[in-house]
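Here is my note for a colleague who is new to reading structures. Please keep the sequence and the model open beside it while you go through the numbered points.

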Amino acid sequence: MLELVFKKRAVIISLSILCLWSTAFAQSAKSPEYMLKSAFLEKFTQFTDWPENSELSDISQPFVISVIGENPFKGSLKQMSQTRKIKNRKVEIRYISSTKEISPCHILFVSASKKDQVPAILLAVKNKPILTVSEFKGFAEKGGHINFYFTKKGTLHFEINEAMVRASGLRMHLLLIEIAKIVK
Amino acid sequence: MGLLRKVSIKNKIVMVVLSVCSLTIGLGLSLDFIYSTINIKKSIVNNTSMSAKLTGEYCITALSFNYPDRAGEILEKLNSMPQILNGYVYDESSNLFASYNKAGENPVEIPAKKEASHRFEGDYLHLWEPIFFRGKHLGTLYLRVYTQVTEKIRNHFIIMVSVMFGLLVLSYVFAVTLQRIISGPILKLAQMSREISSKGDYSFRAQKKSEDEVGVLYDEFNSMLDVIQSREEELESKNAELERFTYTVSHDLKSPLITIKGFLGLLEKEAAGGNVDQMKKDISRIAAAADTMQELLDELLELSRIGRLINTPEEVPFKDLVDDAKRLVEGRLIEKNVRLEIESDLPVIFGDRNRLREILENLLDNSAKNMGEQSRPCIKVGSRPDGKEIVFYVQDNGIGIDPEYHDQVFGLFDKLDQSIEGTGVGLAIVKRIVEVHKGRIWVESEGEGKGTTFCFTIPDQRIKKIKEV
């Protein structure tokens, strides 16, 4: 519990320096940690390219972020989707529970509540251009693409399983890989 | 230019070459210096800008995900480039995001800029490079660099001045060596003219080595020397002639005078004795001597006139001249029973009609007088082509002249045979007339008893051949 408080403080400090979001967003009552994670999700898309010939490459269609399992964002993701555009497209957030509902989407956020079903979920998206993101220890090692974690300083950071990203057909900018902790 | 008056032509050429060289080299190198200075600065800015772009590239994720520490780590890597003293990253709102100061360097207070720009401050370069990712401005990288630009420019300047100095020395050596091509012949000519005027020897001739203007100068110099030399020779011969003239005139005038004086003395005695017959004889001898003097003086006057009094030159058929002369010496020809043969095909010549006639008159008279014991005296007059000129001749079959005396016959009072009548002025007059007409006259004779041929030329472009009617 004490650790969590520490983490939260660090996140607040980071946020205050960052000034990433609009004042309305910053002032909202949502959890600062998930506001930051929402922001990071949007940043990831800046450094990642989805294959152009997939069923999702139609620019007139919205950019889809699916959250599988219990939604931890508490509206901050929704807010991001309303204020931001990703790849010049509108953003659509879907909340799903079963692996059958996953496709089609660009980003799949795996909630910690689905921790146990990770192998099945990953199997469902295997070799598909879907960026999998989660926030519990071991996700990347199991084959997930990006996993959030907090550094000892309390800063939000992320690890990347570069081989799995490459296998999925996504193209990730070297600068993003360079800054992340690499997991094999 | 007053200062240059005493400078030798050698040094003048060197000076001209060096002035031209230093002007062109100086101008060229100055332009190069300006260009290089601009280029040195440009290349420093370009290199720094390149480093800034690369560094900025690495800062993209740090700025995106708000990792100032990460940006700081990247900036730390600038220490591999010791010339970079300060490096700052500003975020998109121009707030300081991360900074790097080289060990021992103080942080600088510098305004953040969003656009690319640079500014030199002595040896220091301030450079701002915006950081973009996919068209989005994320922030700015600022670098402060110690460029040594002053030293670089100074080094370039030193090299340039050395090169210029070297080139000038080279130009000087070349100019000194190569100026001889121009000055050599001129100096030689100057040296020669000095020698000629100091020694008074006009037989020197300059040896031309080139066909340029100096070559022309040599030719003109030589032809001037020719003229001077021939004038001098002419003057000498005229002087000698004048001396001889004075001597012979006084000598030849003296003898009738002595005759007159002698007979006057006799006349005095005879007057006392009352010998009238003898007196009459003596008086006639005195009169004859006076006549001789008169004739001598007349001819001398005539001779002196030739050079001064010239009638307008005209075209004269040579045949007319011969006919006129023949009429004037008819008496002498009849007296000596001389047959005159005149060639039929004679040209027209251009000159003073009366004087030209005198030539033939004197030559015919001279030939007729010198027939000696010839039983069938004959004189031929004609012309023959000789190269480009036409030679006229008066040929007789008289006593002839020993080749030894061929030049003497034209001398004043030079009578080879004193027994023959005449004053000895006739041939001198002929020679003068021919010379006044720029012609030549000479004698052809194989010796005594073999006849004489007088040849002469009257050069003129207008000489034409005409057919006798």
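Predicted model: local features only at pLDDT ≥ 70, side-chain atom pairs only at ≥ 80, totals over all residues.

1. A word on terms comes before anything else: helices (H or I, at least four residues) and strands (E, at least two) are DSSP runs, and they are numbered from the N terminus.

2. Residues are numbered from 1 along each chain as its sequence is written, chains are lettered from A and ligands numbered from 1 in the order in which they are written, and side-chain values use heavy atoms, with hydrogens and water left out.

3. Which residues deserve a look for their backbone angles? Most residues other than glycine have a negative phi. A:Lys87, however, has a positive phi of about 50° although it is not a glycine, and B:Gln148, also not a glycine, has a positive phi of about 60°. B:Gln148 is found in the loop between E5 and H3 of chain B. Both are partly exposed, A:Lys87 with a relative accessible area of 33% and B:Gln148 with one of 35%; here buried means under 20% relative accessible area, exposed means over 50%, and partly exposed is in between (1.4 Å probe, protein chains only).

4. The structure holds 27 salt bridges over all chains, a salt bridge being a side-chain nitrogen of Lys or Arg within 4 Å of a carboxyl oxygen of Asp or Glu. In one of them, B:Glu105 is joined to B:Arg144, and the closest N and O atoms are 3.7 Å apart. This pair links distant parts of the chain, since B:Glu105 sits in the loop between strand E2 (96-101) and strand E3 (117-121) of chain B and B:Arg144 in strand E5 (residues 136-146) of chain B, 39 residues apart. B:Glu105 is partly exposed at 28% relative accessible area, whereas B:Arg144 counts as buried at 13%.

5. B:Glu121 and B:Arg119 meet through their side chains at 3.0 Å, N to O; B:Glu121 is partly exposed at 42% relative accessible area, and B:Arg119 is partly exposed at 35%. B:Glu361 forms a salt bridge with B:Arg357, with 3.7 Å between the closest N and O atoms, and both residues lie in helix H8 (residues 353-369) of chain B, four residues apart, which is about one turn of the helix. Elsewhere, B:Asp320, B:Asp324, B:Arg327 and B:Arg353 are linked in a network of salt bridges.

6. How many aromatic pairs does the structure hold over all chains? The number is 23, where rings of Phe, Tyr and Trp (its six-membered ring) pair if their centres lie within 6.5 Å, and planes under 30 degrees apart count as stacked, over 60 as edge-to-face and the rest as tilted. B:Phe318 and B:Phe392 form a stacked pair, 4.1 Å centre to centre with 20° between the planes. B:Phe318 lies in helix H6 (residues 318-328) of chain B and B:Phe392 in strand E10 (residues 389-396) of chain B, so the pair ties together parts that are 74 residues apart in sequence. B:Phe318 and B:Phe392 are both buried.

7. One aromatic cluster has members from chain A, including A:Phe40 and A:Phe148, and from chain B, including B:Phe65 and B:Tyr67.

8. B:Leu170 is found in helix H3 (residues 149-199) of chain B and is partly exposed, with a relative accessible area of 48%.
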